[in-house]
Amino acid sequence: MRRGRAAGTLGLLLAACGPLEDPFADSDAVGDTADTAPVVDSRDTSSGDSGDSGTVDDSGDSGTVGDSGDSGTVGDSGDSGDSGDSGTVGDSGNSGDSGTVGDSGDSGTVGDSGDSGDSGTMGDSGNSGDSGTVGDSGDSGDSGDSGDSGTVGDSGDSGTVGDSGNSGVAGDSGDSGNSGTVGDSGDSGNSGDSGNSGDSGNSGDSGTVGDSGNSGVAGDSGDSGNSGDSGNSGDSGTVGDSGDSGPPAGHDRILGEDVPRADSWWVENGRLHHGSTQVALHGVNWFGLDTDVHALHGLWSGRSMDAFLDQLAGWGLNALRIPIAPEALISTTTMDVWHSHDGELTSRGQLLQLLDEAGQRGLTVLLDLHTCGVSTGHLASGPEACGGYTKADWLVDLADLAVIASSHDNVVGIDLFNEPYGLTWEAWSALVAEAAQAVLEVNPHIVLFVEGVGSASPEGGWPAFWGENLVQGATATVQVPPSRLVYSPHVYGPSVFNQPYFGDGTFPANLPAIWDAHYGHLRSTPHALAVGEFGGPYTGSDKTWMDAFVAYLVDRDIEHWFFWSLNPNSGDTGGLLKDDWSTPEQAKLDALAPLLSP
């Protein structure tokens, strides 16, 4: 977020380091830890049943069979011999086009399609329909009950192959009977055997069986057992390539691997799940591991990590977002003893302690790679823009976080980088694709939080805060498996930066339209949405803003959020605790209460 920070360690407690930065020009205001150690706002810091082919459906109706009079394309049933070729009926479109099969009005009786009615032997073509497995639709060949054919079925009607009155009885079609088999229509007599035609499984393609010419294709119908060869029917939706039918039930396909949902975090229809449980994240940011203290802030107060975690759990929160600098991942990075917990003096060790202690309380943790270095700042214009830190370093650090998450199932995922405001959406998306590969190769069981950009890409008509701009999130979706993607905007009020619309005469009624443009529109997509940072003092126009924002989250059913911050030493927002690191800011907690209601 745009920052300005307050002090940490003993020195941090005594004085603020320098003036607050211009948030628009420099950072999030809530503190790029790089901006200052003390003021530390670490905020800177589906292929179907060919049965569906059921448009063969009620083959009497198979008027999708096509106004089988049209099926007339059964035709020129003399051609229907070719239509026999239509036996590929999988491409029943062709057979339909078998339209050469036809003038099925003339089509005579498709095979005494009354029999075709009998075409009850048409083949359980519902199974052909099972052309989901179309592949196996050889079984569809069980075409024997194509009458069941999905309703190729009522195939007796099919005899009327679709208003087959017109179709004639699509078979005897002038030999259309031959056409009849529109599949191997030369043998279409087989169509007469329309029972086989029955394997309207091809009819599966029969989707166009509607143009009963396609019905004509009832396919390879003579061989309708092969119609089971409904593989073509399979064409019905590519079911055909049944190898690509997707992952097994209860799995997500991640980088070519079928990953069970039972032991994963995953997204579907905008909702987040852990195993079989749907989860809503109600959390808070706790910074410090992204600062030059190399430790969670507040431990210097004498309170234990356990005490902090018990307190926030008691408030009804169930999640933490933990900003991290690369230095915190290095096993040799140490802290002063008064920042430690239970004698652990390394930053990495403290992070692992936190994950363990949080897990014991049922608290979920989001790991946020927040800076390029405690004295460097954050991504802004790409990893290469951070002195002494490269894209390769970034990808290695992300993979390291993925390893840490693999041994802690209360880690929901990784926030890939904080507020890349200097990048275009296109440039950021390219980096996200590489990051997703690096993380999911190591740990495919977690989700990735992807923030928005800044003003370098279209902002929907209103200036956005850093990380808030997800205007192109739906139209130019990042290359992350949908089941592993959570979009995560950062949203602030006047204390962080006084956007022009905060001074509009319609404020705060004007805000929902702005928020919708920046990220709220994603609620109408399958993508999950989690606000990674929001907060501020609860006074004046900031109070007005916060009340409006909480109401917006409730109204738009945005159920995942992380308040900024637990820390009172966030320079431009304050936190949920007062300066003694113990007493709650009760007015803020009361303001958040509507978000915690069941």
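Colleague: Which residues form one aromatic cluster here?

Modeller: In general, rings of Phe, Tyr and Trp (its six-membered ring) pair if their centres lie within 6.5 Å; planes under 30 degrees apart count as stacked, over 60 as edge-to-face and the rest as tilted. In this predicted model, Trp515, Tyr519, Phe534, Trp545, Phe549, Tyr552, Trp561 and Phe563 make up one such cluster. Before we go on, some reading notes: residues are numbered from 1 along each chain as its sequence is written, and side-chain values use heavy atoms, without hydrogens and water. As the model is predicted, local features need pLDDT of at least 70 and side-chain atom pairs count only at pLDDT 80 or more, while totals for chains, interfaces and linings use all residues.

Colleague: How many aromatic pairs does the structure hold?

Modeller: There are 20 of them. One is formed by tryptophan 394 and tryptophan 428, a tilted pair with 6.5 Å centre to centre and 35° between the planes. This pair links distant parts of the chain, 34 residues apart: tryptophan 394 belongs to helix H17 (residues 391–406) and tryptophan 428 to helix H18 (residues 425–442). Helices here are DSSP runs of H or I with at least four residues, strands are runs of E with at least two, and both are numbered from the N terminus.

Colleague: Are these two tryptophans buried or exposed?

Modeller: Buried means under 20% relative accessible area, exposed over 50%, and partly exposed lies in between (1.4 Å probe, protein chains only). Tryptophan 394 is buried at 0%, and tryptophan 428 is buried with 0% as well.

Colleague: Why is the pair of tryptophan 515 and tryptophan 545 edge-to-face?

Modeller: Because their planes stand at 85°, with the ring centres 6.5 Å apart. Tryptophan 515 sits in helix H19 (residues 511–518) and tryptophan 545 in helix H20 (residues 540–555), 30 residues apart. Both tryptophan 515 and tryptophan 545 are buried.

Colleague: Which charged end sits over the ring of phenylalanine 308?

Modeller: A charge sits over a ring if NZ of Lys or CZ of Arg is within 6 Å of the ring centre and within 35 degrees of the ring normal. Here that is arginine 303, 4.7 Å from the centre of the phenylalanine 308 ring. Arginine 261 likewise lies over the face of tryptophan 266, at 3.9 Å from the ring centre.

Colleague: What is the order of the open sheet of 3 strands?

Modeller: Two strands pair if DSSP finds at least two bridges between them. The order is E7-E8-E9, with antiparallel pairing. Strands E7 (265–268) and E9 (277–279) are at the edges with a single partner strand each, so one side of each has no neighbour in the sheet.
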